Structure formats: C-alpha cells, structure tokens
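Hi everyone, thanks for coming. Let me put the structure up on the screen, and then we can walk through it together.

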Amino acid sequence: MTDNGRVEPPTNPFPAIPPAKPRRTRWIIGGIAALVVVLGIGIAVGVVAGQPSERPPEPAAAPGYSMDHVGNACDLVDPAPLRKWSPTPAGPPEHKELRPSNLDAGSLSCQMRYSSGNSLDTAEVILDVNFTNGTAPSYYENWKRGNAAKTGEGKASGPITGIGSQGFWHSEVYGDLVANTRYVLCVVDANVSVRVRLNFSRSREVAQMHRTEVQPIAEAQARKALSGLKGN
C-alpha cells in the first residue's frame, strides 16, 4: 500500500523473458539438406536413364538335325546300289525309331539284306543315327575309337572329308572260301552322328569287292541320311 492509501498490484518476482527470435541457421541447414536430396535423386535418375537397356537373353540355337518328321528309319536308306550284286531282298527291312525323351536324345536304325541265286553272295546295309544334347560326347567319337583299334592284315582306315564336320572310314576283308568285306563310314555334324555299315559276302569265284566301289555307296547313304534329318 502506498502513502496515499492506494493498493498497488503485486510485482512479478520473475521478469518476463522476451520470445526467442527464429533462428535462420536451422532454415539454412534444412534448405541445404533438401537441395542435396533433390540433386541426389536427379543424378541417380540421370545415371539410370543414361544406361543402355539390358538385352534380353538370346534364344539358344536350334539343333541342326531332328528325327521328328521321320516315321521309318529305312526311308533314309537307298538300297538300289546293293542290288547290283544281290538283287533279291532277304526278308523285310528292319527299322527302329527311339524318340527323344528326358533320358535320351533319340536314335534311328535300319537294316536291309539282299541275296542272289545262291546263299554265298549277299549284301547288307545298316544305318545308325544317334543324336546328342548340349555338350554330351557324340557317338561318332566312340565309333571312331572302336574301329581305330582294329588293325592288322586286311584292315584299313582313313579320314572322310566333305560330309558333315568330321568323318572316317574303316574296312576289313577276311575269309577263305568266302570273301567277306566289311566297310564302315561314320560322320558327325552338329547334334547327330551317322554310321553306315556295308557288308558283302562273295564267293571266291566271282569278282571281289573293292573300296573304290564300296566307299561311294556309303558316302551317298550318309549324305542321304543327313539330308533327310536336316532343317527340322
């Protein structure tokens, strides 16, 4: 109370604190951070946009040969040259077709036999076709090793060119009363191995078979088989 009798309001023992001024530093730091984020996103988008689009995987090359359209393996064989020496069929042709499966890439075989007026002069052709998948070893390699191991009198072997990617031939001549000629020609190309076997039996009184006569027959058979299996 004052001297004149008025009651003065109580004084605040705690002085008022002026409101804090907004700090510009926070705004500056926040703005810089936002700018960095925006620039980072822009750079990332630019880098991604500038990169070439990823190529889709190229499809695997289709096999060069297939047996899908072959119903009878003997359709791949021309027996006409054999009839020059033995004109009479000795029974019906025998054939087998093993279709591709999860366990096997497929195979074909055909056998034709011919005879003449006697039981001594005979001719036979056997065709074997075997397919392989991927990096599996070809049947050609097995056939080649097996025939290369046969050496000695009356046996001969050599390379074949101009049919498939690789080829070889092997011949054997044996017998006393009857001269037996065995001629084998094997070729490989892409995913298929082809083997042609020609077997002739001739009496000693008649002209004997020579490789110069037999080899063209075997080569023609191999080309016929490859042509019949191509492009499917």
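Let's start at Val194. Setting aside its neighbours within four places in sequence, Val194 is in contact with Leu127, Asp128, Val129, Trp143, Leu185, Cys186, Val187, Ala222, Ala225 and Leu226. By contact I mean heavy atoms within 4.5 Å. Before going on, a word on where this comes from: this is a predicted model, where local features need pLDDT of at least 70 and side-chain atom pairs count only at pLDDT 80 or more, while totals for chains, interfaces and linings use all residues. Residues are numbered from 1 along each chain as its sequence is written, and side-chain values use heavy atoms, with hydrogens and water left out.

Now, which residues touch the most other members of the largest nonpolar core? They are Leu127, Val194, Leu198 and Leu229, in a core of 38 residues. E3, E4, E7, E8 and H3 each supply at least two residues of this core, and H3 gives the most, with seven residues. A second, separate core has six residues, including Tyr140, Phe168, Cys186 and Val188. A nonpolar core here is a set of buried Ala, Val, Leu, Ile, Met, Phe, Trp, Tyr and Cys residues joined through side-chain atoms within 4.5 Å. Buried means under 20% relative accessible area, exposed means over 50%, and partly exposed is in between (1.4 Å probe, protein chains only). The labels H and E come from DSSP runs, numbered from the N terminus: helices are H or I with at least four residues, and strands are E with at least two. In soluble globular proteins, nonpolar side chains tend to be buried together. As for Cys186, its relative accessible area is 0%, so this residue counts as buried.

Next, helix H3, residues 211-229. H3 has 19 residues and reaches 27 Å from its first C-alpha to its last, close to the 27 Å expected at 1.5 Å a residue. That expected span is 1.5 Å times one less than the number of residues. Among the buried residues of H3 are Val214, Ile217, Ala218, Ala222, Leu226 and Leu229, but Gln215, Glu219 and Gln221 are on that list too. What covers them includes strands E3 (107-115), E4, E6 (166-174), E7 (178-189) and E8 (192-203).

Let's look at E8 itself. Eleven of its twelve residues are buried, so E8 is mostly covered. Ten bridges join E4 to E8, and these two strands run antiparallel. Twelve bridges join E7 to E8, again antiparallel. Two strands are said to pair if DSSP finds at least two bridges between them. E7 and E8 form a hairpin with two residues between them, and Ala190 in the turn has a positive phi of about 55°.

Asp128 lies in E4 and Arg195 in E8, so the pair ties together parts that are 67 residues apart in sequence. Both Asp128 and Arg195 are buried. The side chains of Asp128 and Arg197 meet in a salt bridge as well, at 2.8 Å, N to O. Arg197 is also in E8, so this pair ties together parts that are 69 residues apart in sequence. Asp128 has a relative accessible area of 10%, whereas Arg197 is partly exposed at 26%. A salt bridge means a side-chain nitrogen of Lys or Arg within 4 Å of a carboxyl oxygen of Asp or Glu. How many does a search of the whole structure find? Five.

Finally, the disulfide. A disulfide is a pair of cysteine sulfur atoms within 2.5 Å, and by this rule the count comes to one. It joins Cys74 to Cys110, with 2.1 Å from S to S. Cys74 lies in the loop between helix H1 (24-50) and strand E1 (88-89), and Cys110 in E3, so the pair ties together parts that are 36 residues apart in sequence. The torsion about their S-S bond is about 100°, so the disulfide is right-handed. Both Cys74 and Cys110 are buried.
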